[in-house]
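Biologist: I would like to learn how to read a few features of a model, going from the backbone to the ligand. Could you take me through them in turn?

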Amino acid sequence: MGYPRTMPTPHDPRSPGPVHDVVILGGGMVGLTLALALDQAGLSVGLVESGRLEGESAATGGGRASMVAFAVRRMWEALGVGGLEGQAQPVRRIQVTEGRLSSGARSAPVAPASMMFTDADLGSDEAGAPLGWMIENRVIRDALVRSVRAKPGIAVFEEATARALMRDGTAAGVQLADGREVAGALLVGAEGRRSMVAETFGLRAVGWDYGQDALAVTLVHETPHDAVAHQLFLPSGPIAVLPMTGNRSNIVWTHRRAAARALAGMDDADLGREIAERVGGLLGRFHFEGTRATWPLALAVADPPVGPRIALVGDSWHSVHPLAGQGLNLGLKDVAALAEVLADAVAVGLDPGAEATLDRYVRWRRFDVTSQALGMDLILRAFAAGGTRLGLLRQAGLAVIDAAAPARRLLARTAGAATGDLPRLLRGERLDTPRAAA
Ligand SMILES: Cc1cc2nc3c(=O)[nH]c(=O)nc-3n(C[C@H](O)[C@H](O)[C@H](O)COP(=O)(O)OP(=O)(O)OC[C@H]3O[C@@H](n4cnc5c(N)ncnc54)[C@H](O)[C@@H]3O)c2cc1C
């Protein structure tokens, strides 16, 4: 049984408009990747973005970079996204430390407790793959936008203000402020936090405000980073030191909101001193590159993430603490699963907006999303809590993981987004369907 491919737009049955298989609201890194995946599977896509695709967004401005899991990079390769070569720094080792780094040599033992896992912990089936890649968000977005622009099957509506969302039994879509309507069999919310799709259709989020901001800055330093990422857990919040191409590192410093904003307002010399006090001799002498900004942090997970003819992906579904650098990776795993579910549905003539199709998507992703969101929350609380006994427990926990190969393997594969039942794209396979070939 097929579903109607051309139908009147839901709000004005007298003026049939083009109807897409899927309408995506939000052209961030997640929405753009979903558009490419669906296009590869032969689905027609309407992509609505409030800004300009080439413009700066909240996620690309202010010195932001992402640790992209190796399976995600594999997915972008399968989707033909080029232009990342030479701009992606492999991450080969992740070192987790409780406390500041010592001010001595960077190879000196760090105190009081630490653990480490490496790309070797991924196992022989992933031989040679790094744990992940550090890439500037603006580089990722530029590469995705170039790919989207080259696809005639993706209709882009940019600088487009969504006035209202609409839905009936056969379609869902967006009414734009200029009067146009963009409708499809399925409407996907990829607009990041505060999703209009979630709000309009009552997909409620559970979660809480962390009362913290993340400050992101890029440093150019004299000492090589050797492809090692550091996560330092301090009582006030974690600091990540993430290797970038060249002798550069991205610092993501999470602190109580007022303190983080005060740090962001410091001059370079004062902020440099604050950072050096915590990262010790790790980077040698350094100076700042680019701009800096802070982002408020909250945990928010929409439950359920789907409804009749609507679905959420990325931060629209789940906004998580950046301590493990997994927010974007989680969103791109949603993309790989949703695209495969929709490709399978249309390959046998099913409606992409049907309840059974969306149920399969939720079953595939819910456990990973919930366990990672809550897992990060738990780690954050465990390291923030004071008390000698808890401190000893944390140190014992780090030592146990450090010594246990299976635990290190799990951490390495989680960082690489290679755990669980992987969708084809994350295994590096294309998503071609008979529809795409037609
Ligand atoms: C400091 C920091 C560091 C991080 N580091 C990492 C990391 O190392 N690794 C990692 O995996 N994750 C990381 N994250 C998380 C990651 O940045 C986010 O999960 C990711 O950007 C979410 O992408 P998205 O496309 O879902 O949403 P967004 O990036 O928020 O994009 C949403 C898009 O939708 C558009 N939009 C919004 N509303 C509308 C509307 N009504 N109509 C049309 N368009 C709309 C916006 O303009 C934007 O282009 C980090 C987060 C922070 C704060």
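Modeller: Let us begin with a loop: P304 lies in the one between β18 (286-302) and β19 (306-307), where helices (H or I, at least four residues) and strands (E, at least two) are DSSP runs numbered from the N terminus. The peptide bond from D303 to P304 is cis, with omega near 0°. This is a predicted model, in which local features need pLDDT of at least 70 and side-chain atom pairs count only at pLDDT 80 or more, while totals for chains, interfaces and linings use all residues. Residues are numbered from 1 along each chain as its sequence is written, and side-chain values use heavy atoms, with hydrogens and water left out.

Biologist: Which value does phi take at R194, and where does R194 sit?

Modeller: Phi of R194 is near 55°, a positive value in a residue other than glycine, and R194 belongs to the loop between β13 (181-189) and α4 (196-200).

Biologist: How should I read the sheet with the order β5-β9-β6?

Modeller: In general, strands of a sheet pair through backbone hydrogen bonds, either parallel or antiparallel. Here 3 strands form an open sheet in the order β5-β9-β6 with antiparallel pairing, two strands being counted as paired if DSSP finds at least two bridges between them. Because β5 and β6 (89-91) stand at the edges, each with a single partner strand, one side of each is left without a neighbour in the sheet. The antiparallel pairing of β5 with β9 (residues 132-136) runs over 5 bridges, and A65 has E136 in β9 as its bridge partner.

Biologist: Which residues come nearest to the ligand, and which elements supply its shell?

Modeller: A residue is near a molecule if one of its heavy atoms lies within 4 Å of it; of the 30 residues around the ligand, E49, R64, M67, D315 and L328 come nearest. At least two residues of the shell come from each of α1 (29-40), β5 (65-69) and α7 (327-347).
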